[in-house]
Structures are given as structure tokens and as C-alpha cells.
Amino acid sequence: MTTTSPSDADRAAVAAVPQRVVDAWAEHDAEAFAGVFTEDGSMILPGLYRKGRQEIRSFMAEAFEGPFKGTQVTGRPIDVRFLGETTGVLITQGGVLAPGETEVSPERAIRASWLVVKEDGQWRLAAYQNSPVNPA
């Protein structure tokens with residue numbers, strides 16, 4: 001597979017996609033969180049699969065009122081690759097921060113893959129999947 005040389009603006013925009021998720025999470029805004037995804041985007045978490053903005057929005061709205069209430073999330077890109085002019089892959093490391101935490105605990109540390117696509121000039125998540133760094 002041949003990668004392409006992205007513009008500096010596209011490279012910065014793709015690297016900023018995780019921050020859009022962090023910002024939506026900080027506000028516990030399920031609508032903004034789902035809005036990072038394409039209309040038919042998918043989200044895979046351990047034991048969970050959701051497809052489409054509506055399913056992702058519904059899941060996150062419940063999670064922000066339940067197990068994710070009061071939490072924050074963090075993540076930083078550790079690899080960014082472009083597969084064409086409108087497709088890229090990010091690998092991030094981070095996780096969920098419990099209330100009062102400033103660093104992710106080992107049991108909540110994750111690595112994630114993000115398949116991003118450029119739609120109407122904006123980079124969106126087509127597929128997201130994460131796995132524990134330290135499996136049980």
C-alpha cells in the first residue's frame with residue numbers, strides 16, 4: 001500500500017480528531033461525541049459494537065449518566081498515516097480518567113485505532129476500536 005504526502009493542514013486536522021473526542025467527553029456531550037463520526041461510523045469497545053451516529057449518541061448519552069459520569073478521557077496520537085488524500089489512520093494511547101485522576105490508571109489504559117475520512121472538508125471517524133494496554 002502506498003501512502004500519500006498530506007498537506008500540513010490535513011495532518012494537523014487528523015491529529016486533532018482525538019481532541020474533538022476529548023472535548024466532547026469533557027462536556028459529557030453525546031451529540032458532539034457522535035458528531036465526530038461519519039453518519040455510518042462504527043465504534044468498537046471491549047464487549048461493545050455500535051454503528052451509526054444515532055447508536056453511538058444513544059450509548060454515550062447513557063454512559064455519561066452512568067459508568068462515565070464525572071469522568072474525563074485522554075489520548076494522544078502515537079502514529080498517523082495517510083492511505084490516500086481522504087483517508088488516514090491514527091493510533092492513540094490514553095484512556096478514561098476517573099474523577100480526580102490526572103493520569104490513566106493501568107487498568108483503564110488503552111490503545112486505539114482510528115480510521116478517519118475527509119467528508120465535505122472535515123475529517124471524521126469512520127471506525128474506532130480500542131483495546132486495553134494491560135489485558136487482564
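Helices (H or I, at least four residues) and strands (E, at least two) are DSSP runs, numbered from the N terminus; axes are lines fitted to C-alpha atoms, for helices over the stretch in contact, and angles run from 0 to 180 degrees between N-to-C directions. Bear in mind that this is a predicted model: local features need pLDDT of at least 70, side-chain atom pairs count only at pLDDT 80 or more, and totals for chains, interfaces and linings use all residues. Residues are numbered from 1 along each chain as its sequence is written, and side-chain values use heavy atoms, leaving out hydrogens and water.

Which residues of helix 4 are buried? They are Arg53, Ile56, Arg57, Met60, Ala63 and Phe64, where buried means under 20% relative accessible area, exposed over 50%, and partly exposed in between (1.4 Å probe, protein chains only). Seen down the axis of helix 4, these buried residues fall within an arc of 135°, so they line one face of the helix; the arc is that of the directions from the helix axis to the C-beta atoms. An α-helix has 3.6 residues a turn, so residues three or four places apart point the same way. On the other side of helix 4, Glu62 and Glu65 are exposed. The buried residues pack against helix 2, helix 3 (30–35), strand 1, strand 2 and strand 6, with contact meaning heavy atoms within 4.5 Å.

Strand 4 (residues 87–97) and strand 5 (residues 109–119) are antiparallel over nine bridges, and glycine 94 has isoleucine 110 in strand 5 as its bridge partner.

Finally, the core. The largest nonpolar core has 31 residues, and Phe33, Met43, Met60, Trp114 and Tyr128 have the most contacts inside it. Such a core is a set of buried Ala, Val, Leu, Ile, Met, Phe, Trp, Tyr and Cys residues joined through side-chain atoms within 4.5 Å. Helix 2 gives the largest share, five residues.

Methods. Two strands pair if DSSP finds at least two bridges between them.
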